[in-house]
Amino acid sequence: MEPTQYRTEPVSFARRGGRLSERQQAAWDAVAQTYVVEVPDNGMSTSVDPDYVLDAEALFGRKAPLVVEIGSGRGDALVHAAQEHPEMDFLGLEVYVPGVAQTLVTMRHLGVHNIRLMVVNAAEALRTMIPEGSVHELRIWFPDPWHKKRHQKRRLITPEFARLAARVLEPGGIWRLATDWQDYADQMLEVLEQSPDFEFSGTWAPRFEGRPVTRFEGKGLGVDREIRDLVAVRRDPLG
Ligand SMILES: C[S@@+](CC[C@H](N)C(=O)[O-])C[C@H]1O[C@@H](n2cnc3c(N)ncnc32)[C@H](O)[C@@H]1O
């Protein structure tokens, strides 16, 4: 019997399964084979085999600027952006399978094809799977806030993660973030300010016009939370 594998680092997500609705299942059965990429793992679900390297040109069948969205949820922002920018390719990394299935529902409905989805832990994908300097833009909208003190070590945006973001971005590539948790926004600001790899204004950015109000943005607005956007540019050379 194979030994049971455990992760040594905390992950930034709690749930990934759940039932698919009838529409989600129908979309999954019809088009997952085309749009959901099977990533070789290292024995644990959502893990990434460190020897697997993404070939975006082969995946999309063309050479185009690549935008990566982490935690794309139900695909609200991803599908909108892909529809607005048919000249670009969009990769969504999301561990929540019903969210990925819902993204397929919307893609089918709108006839959007320039998206690929992967059910993977994005931190691992950035560490080894995505080639260095290959990403035009990296977007993370409303990452899980892990607001309780004892859970904050699970937050995605840390100095180590900023290193990974810088690794995959092309020189001059853009990292966009948004959150509705002020305390997490402050943490993001500090991470960007202290990163040697990014040019950063040191303050909040205007709301990104290319983002529709996502499900989680809507929830934050519904309870009167302030939305904070941040933008940083990958330095050349890295710091
Ligand atoms: C709060 S939701 C936000 C979803 C969407 N961006 C929105 O604004 O509605 C955070 C999402 O990130 C996903 N997520 C968290 N950690 C992740 C990771 N390490 N890799 C991939 N997805 C992750 C979760 O499954 C969840 O769907």
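Which residue has a polar backbone atom 3.1 Å from an oxygen atom of the ligand? The residue is Phe216. The structure is a predicted model, in which local features need pLDDT of at least 70, side-chain atom pairs count only at pLDDT 80 or more, and totals for chains, interfaces and linings use all residues. Residues are numbered from 1 along each chain as its sequence is written, and side-chain values use heavy atoms, with hydrogens and water left out.

The ligand is surrounded by 17 residues, the closest being Ser12, Glu94, Asn121, Trp141 and Thr214. Here a residue is near a molecule or strand if one of its heavy atoms lies within 4 Å of it. Polar contacts were also computed; such a contact is a pair of N or O atoms within 3.5 Å, and within protein one atom must be able to donate a hydrogen and the other to accept it, while residues adjacent in sequence count only if both atoms are side-chain atoms. An N or O atom in the side chain of Ser12 is 2.7 Å from a nitrogen atom of the ligand. A nitrogen atom of the ligand also lies 2.9 Å from a backbone N or O atom of Ala122. Of the 600 Å² that the ligand exposes when taken alone, the protein buries 94%. Accessible areas come from the Shrake-Rupley method with a 1.4 Å probe, and for residues only the protein chains shown count as cover.

Glu69 is placed in strand β1, which covers residues 66-70. Helices (H or I, at least four residues) and strands (E, at least two) are DSSP runs, numbered from the N terminus. Glu69 is buried, a term that means under 20% relative accessible area, with exposed over 50% and partly exposed in between (1.4 Å probe, protein chains only). Glu69 has no salt bridge, and the nearest side chain of opposite charge, that of Arg139, is 6.0 Å away. For charge, Lys and Arg count as positive and Asp and Glu as negative, while His and the chain ends are not counted. A salt bridge is a side-chain nitrogen of Lys or Arg within 4 Å of a carboxyl oxygen of Asp or Glu. The side chain of Glu69 does reach the backbone nitrogen of Leu78, at 3.4 Å. Leaving aside neighbours within four places in sequence, the residues in contact with Glu69 (heavy atoms within 4.5 Å) include Ala77, Leu91, Arg139 and Trp141.

Across the whole structure, 12 salt bridges are found. One of them joins the side chains of Glu137 and Arg176, at 2.9 Å from N to O. Glu137 lies in strand β4 and Arg176 in strand β5 (residues 169-179), so this pair ties together parts that are 39 residues apart in sequence. Both Glu137 and Arg176 are buried. In a further salt bridge, between Arg163 and Asp197, the closest N and O atoms are 3.1 Å apart. Because Arg163 belongs to helix α6 and Asp197 to the loop between α7 (182-194) and β6 (198-200), the pair ties together parts that are 34 residues apart in sequence. Arg163 is partly exposed, at 44% relative accessibility, whereas Asp197 is buried, at 1%. A network of salt bridges links Arg207, Arg211, Glu217 and Asp229.

The backbone was examined next. Most residues other than glycine have a negative phi, and most peptide bonds are trans. Phe142, in the loop between β4 and α6, has a positive phi near 55°. Phe142 counts as buried because its relative accessibility is 9%. Asp224 also has a positive phi, near 60°, and lies in the loop between α8 (215-222) and β7. With a relative accessible area of 73%, Asp224 is exposed.

The peptide bond between Asp236 and Pro237 is cis, with omega about 0°. Pro237 is found in the segment after β7 (228-234). Asp236 forms a salt bridge with Arg234, the closest N and O atoms being 4.0 Å apart. Asp236 is exposed, at 59%, and Arg234 is buried, at 10%.

Lys153 is located in the loop between β4 (135-141) and α6 (159-168). Its relative accessibility is 62%, so Lys153 counts as exposed. The side chain of Lys153 reaches the backbone oxygen of Arg150 at 3.1 Å.
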